[in-house]
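Me: Let's go through this one slowly, please. Show me the model, then start with a term I'll need.

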Amino acid sequence: MSRRSLLQIGAATTGTALVGAAAVAVAGPAGATPTARLFVHGVASGDPLPDSVILWTRVTPQPTATPGSGRGAVVPVSWEMSADPSFRRIARSGTVNAGPAGDHTVKVDVRGLTPATSYWYRFRCQGVASPVARTRTAPADGAAVPRLRMAVVSCANLQAGWFSAYRHLAARRDIDVVLHLGDYLYEYAPGEYQARDVVVRPHDPPREMVTLSDYRRRHAQYKTDPDLQALHALAPWVVTWDDHESANDAWKNGAENHTPGAEGTWSARKAASQQAYAEWMPVRYTPGGTLYRRFRCGRLASLSMLDLRSYRDEQVSSPVDPAINDPARTITGPDQERFLLEGLADATVQWKLVGNPVMIAPVRLPSTLDARAVEGIGTLVDAEVPPVAGVPYNVDQWDGYPAQRARVLGVLRDRGIRDAVFLTGDIHSAWAADLPADPATYPVTGDSLGVELVCTSVTSDNLDDILNTPPRTASLAVETAIKANNPHVKYLDFDSHGFSVLEVTPAGVQMDWFTLIDRTDPRSAAVWSTSWRVPAGTRKVQPAPRRLA
Ligand SMILES: [Fe+2]
C-alpha cells in the first residue's frame, strides 16, 4: 500500500477520534462521561522515529487528584496501539503506573514499530477507555520519501484568544507531523499579558507560574482546550520550548521575568518548568537531559530541534553595547553548536531543516520609522529599542549573538551546503527571508546561504495589537521600511495571527501562511494569506504561484 493511501485511511478515520477528543473538554468534568472525567486532558503523541513514538495522557483517578495537587492514588493505566483504527490487531500494548510523583501523567516510549506507518492508540484506566487518536512513525533512514507535510505553529497565549489555529489544522487531512516552535504556554498572571486590553480567557492558576505546582496547573489548563486536544489527536508533535515555557527572555542563569529572592532562585524555577514540561509534553526528554535532538525523514530531510534558552549567555542590555560582538558569546552553548553543525553538514539527507525558536536572519532597524513605530517594535520585542538606524532590532534573537551566527552560516558557505531551511517562531509575525552571506553586499550580489521561514503567533499580540490600530493599516509602512532596509527580507506581516503548513519534496520546500479572522472569536474562520517556496539547490526564497493542493 502506498504511503499516500495510508495517509488517506488515517484521515478518514481520524475524524471519529477527533469527535471523542473534542467531547472531553466540551463536556467538562462536572456531570461528564466517565471518559471525560478520567481523561480530562486528552491524549497525545510525539517524537516519531522509524521504530518508536511517545504516547502521552494524564489520568484523574479521583476528583481530588487535580493537577499540581500532589494528591491521588497510584493507579495502573494500560495502553494499546494498533495499525487499524478498530483495534482488531494490537501491535503493541502494556501497562504503566500513574501517580502524584509524576502529576498523574503517563508517558510511554513505544518501540518495535514499523517505519512510515499510521497507528491508532488509546489508554484505559479504572475500566474506562480514553479517546482514540492517530499517530505515525517516521520513514526508515535512507528511504526515498516523496513528500512530508508539517503544521508549523508557535506562541499560543491562552489569555489572548482561542486556539482556532489548532482547530483548522486538526481538520486538515494532509498533516504528517505538527511542529511547535515554542511558547506553547505563557507564564503570566491574569491581566499581565492578553489580547490588547482584553483577557479572553484568564490563566489558571491565577498568578504567574513560579513553583512546580504552578507549572503543572498551567500545563493542565492549556491541555483542557478542545482545539489543542484535537490537534494532538491528529498527528505526532515535535516540540521545543522557547522562553515562556519557563519565563520571559530566559537565559542560562536567569530571565527578564524572574526576580531572584521574591520568586526563589532561577535554578529552582528552571528545574520546576523543566519537570512539568517533561511530564506534560509528548516529548522524549527527561529533566537534566537535552531537549535538542534530531529527526530524519528518510533521505528527504532531517529536522534538528534547538533549545536556545538553556545554554545561552545573557542578552546584551542594548544593541549598541559593544559586548554584543564578543566571539565567545553563545546562544546554543558549545555542545549544541557542534550538534547543529553536524546536522547541517549531513550529506545523507537533502533538506537540512532546523527547528529554531528565535530568528536567525539579521534584521536592522531602518532610520525612517517614526517614534511610535519604534516604541511599538520595542514592546513587541520586549526591550528598549534605541532610535539608532542600522542596529539589530531584537537582541534576544540570533542578532544578539552575531559572532556565533557568522560561524554557523560560515559552515554553510565553506562546505557548500545547500538546502538548509530554518523554521522559526517567537516573534508573533510572519517572515520569509534569505540568509545573506554578507548583508552589506547582498543587495548587489544576492548571495544567500540558506532560507528562514517564520510562522506567526497562534494568538499572542503583535504590532497592530500593540499600536492599537486595525490590522494591515499602520503596520504596512513599518513593514515596507524594514524590507527596504533589509532586502533579504522578502515577506513580512506584523499583524496576523494563525498558522503555517510546510511541504517538503525533493523539488522544493513551500510554506503556506493562514490568518485567523478574529482570535477572540472561538469560531473564527481562517483564510489563506500567502505562500513562499525554496526551489531545491537555490538557497533562496521566492513567491509561490499557488497554495499547496
Ligand atoms: Fe511568544
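Reply: Domain bounds here come from an automatic or database domain assignment. This is a predicted model, in which local features need pLDDT of at least 70 and side-chain atom pairs count only at pLDDT 80 or more, while totals for chains, interfaces and linings use all residues. Residues are numbered from 1 along each chain, and side-chain values use heavy atoms, without hydrogens or water.

Me: Where does the largest cavity lie?

Reply: The largest cavity lies between domain 1 (1–138) and domain 2 (139–543), because both give residues to its lining. A cavity is a set of points on a 1 Å grid where a 1.4 Å probe fits but cannot get out, and lining residues have an atom within 4 Å of a point.

Me: Which residues lie nearest its centre?

Reply: Of the 18 residues that line the largest cavity, Ala 138, Leu 148, Val 177, Arg 296 and Cys 297 lie nearest the centre.

Me: And the second largest cavity, what lines that?

Reply: Its lining includes Trp 241, Trp 251, Trp 266, Lys 270 and Arg 309.

Me: New topic: what coordinates the iron ion?

Reply: The iron ion is held by Cys 155 (SG), Asp 183 (OD), Tyr 186 (OH) and His 428 (NE2), at 2.1 to 2.5 Å. Donors are N, O and S atoms within 2.8 Å of the metal (3.2 Å for Na, K and Ca), and sites may look incomplete without water. Along the chain, the donors follow the spacing C-x27-D-x2-Y-x241-H.

Me: Is Cys 155 buried or exposed?

Reply: Cys 155 is buried (under 20% relative accessible area), with a value of 0%, and Tyr 186 also counts as buried at 0%.

Conventions: Buried < 20%, exposed > 50% of the residue type's maximum accessible area, 1.4 Å probe, protein only. 1 Å grid on protein atoms, 1.4 Å probe; cavity = no way out; pocket = protein on both sides within 12 Å on 5 of 7 lines; lining within 4 Å.
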